[in-house]
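Here are some notes to read with the model open beside you. Take them one at a time and find each residue as you go.

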Amino acid sequence: MTTIPRNHVHIVEDDAHIRRFITINLERSGFTVTESALGRTALECLKESKPDVIVLDIMLPDMDGFHICKELRAIDPHVVIVFLTARGQDLDKIRGLELGADDYIVKPFNPLELVARINTVLRRTQHAAIPTRTVLTSGAIRLDLDANQLYKHDCTIELTPKEYHMMRVFLEHPNMALTRDDLLNLVWGEDFVGDPKTVDVHVRKLREKIEDDCSKPQLIETVWGRGYRWRKDD
């Protein structure tokens with residue numbers, strides 16, 4: 001298996017000029033960069049070497065980025081995915097976030113913005129990976145900080161990086177009402193630039209994974225007019 005240095009970015013973009021443009025700017029910023037023009041090639045590359053970040057175009061010749069994102073999450077739930085798209089509609093953004101994307105940037109874009117977003121995501125994920133406690137528990141829920149793994153009744157629950165970070169914030173602040181701004185700052189960072197609706201999207205996805213009945217949540221409660229609260233009775 002090929003050894004790839006830290007901060008390896010894999011670009012999935014069929015336009016060779018755009019791909020090269022991104023590569024040059026990332027390499028100037030100290031990243032190791034690999035490229036794919038097709039989604040299927042990107043999936044094979046991920047199996048061979050584990051990049052830290054995948055910059056993923058939605059419109060590709062062989063399959064769309066949404067499908068690729070879903071498959072990437074099945075292969076590696078922890079890889080950071082940044083969507084690169086010419087579309088700016090809210091529905092596309094929300095769909096991408098629901099499938100596990102960590103961020104998105106809309107064409108045309110300033111390459112420095114892309115570099116800044118990637119650096120921000122990496123800082124958050126690398127910082128969150130440093131455990132201050134070994135295990136966080138709440139009832140049947142157990143979050144192993146060393147393994148970056150969530151369990152319910154000792155059954156493994158796969159999370160995306162953002163879902164994992166949000167889960168950690170909730171468990172570290174039990175019975176505390178957290179506003180959407182609180183969650184954005186704690187999970188995405190104070191320099192996050194994007195749609196605040198991403199908080200609601202990630203809460204909904206978490207509920208689908210951990211609640212017995214996500215239509216009647218008992219763990220992540222909605223605090224009307226404020227935000228969300230992790231309910232801990234034990």
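1. Some ground rules before we dig in. This is a predicted model, where local features need pLDDT of at least 70, side-chain atom pairs count only at pLDDT 80 or more, and totals for chains, interfaces and linings use all residues. Residues are numbered from 1 along each chain as its sequence is written, and side-chain values use heavy atoms, with hydrogens and water left out.

2. Helices (H or I, at least four residues) and strands (E, at least two) are DSSP runs, numbered from the N terminus.

3. Helix 6 is mostly covered, with 11 of its 12 residues buried (buried means under 20% relative accessible area, exposed over 50%, partly exposed in between, with a 1.4 Å probe and protein chains only). Among those buried are Y164, M166, M167 and F170, but also K162, E163 and R168. From first C-alpha to last, helix 6 reaches 17 Å, close to the 16 Å expected at 1.5 Å a residue (the expected span is 1.5 Å times one less than the number of residues).

4. Strand 7 (residues 141-144) and strand 8 (residues 149-152) are joined by four bridges, and D144 stands opposite Q149 in strand 8. As background, strands of a sheet pair through backbone hydrogen bonds, either parallel or antiparallel.

5. Buried here are G65, F66, I68, C69, L72 and R73. Seen down the axis, these buried residues fall within an arc of 160 degrees, so they line one face of helix 3 (the arc is that of the directions from the helix axis to the C-beta atoms). K70 and A74, on the other side, are exposed. At the N-terminal end, D64 caps helix 3: one of its side-chain oxygens lies 3.0 Å from the backbone nitrogen of F66.

6. D103 sits in strand 5 (residues 103-106) and R117 in helix 5 (residues 111-128). What joins their side chains? A polar contact of 2.8 Å does (a pair of N or O atoms within 3.5 Å; within protein, one must be able to donate a hydrogen and the other to accept it, and residues adjacent in sequence count only if both atoms are side-chain atoms). D103 counts as buried because its relative accessibility is 5%, and R117 is buried at 14%.

7. R117 is also in contact with Y104, I105 and V193, leaving aside neighbours within four places in sequence (contact means heavy atoms within 4.5 Å). R117 and F192 are 75 residues apart in sequence, yet 8.3 Å apart in space, C-alpha to C-alpha.

Definitions and conventions. Pairing = 2+ DSSP bridges.
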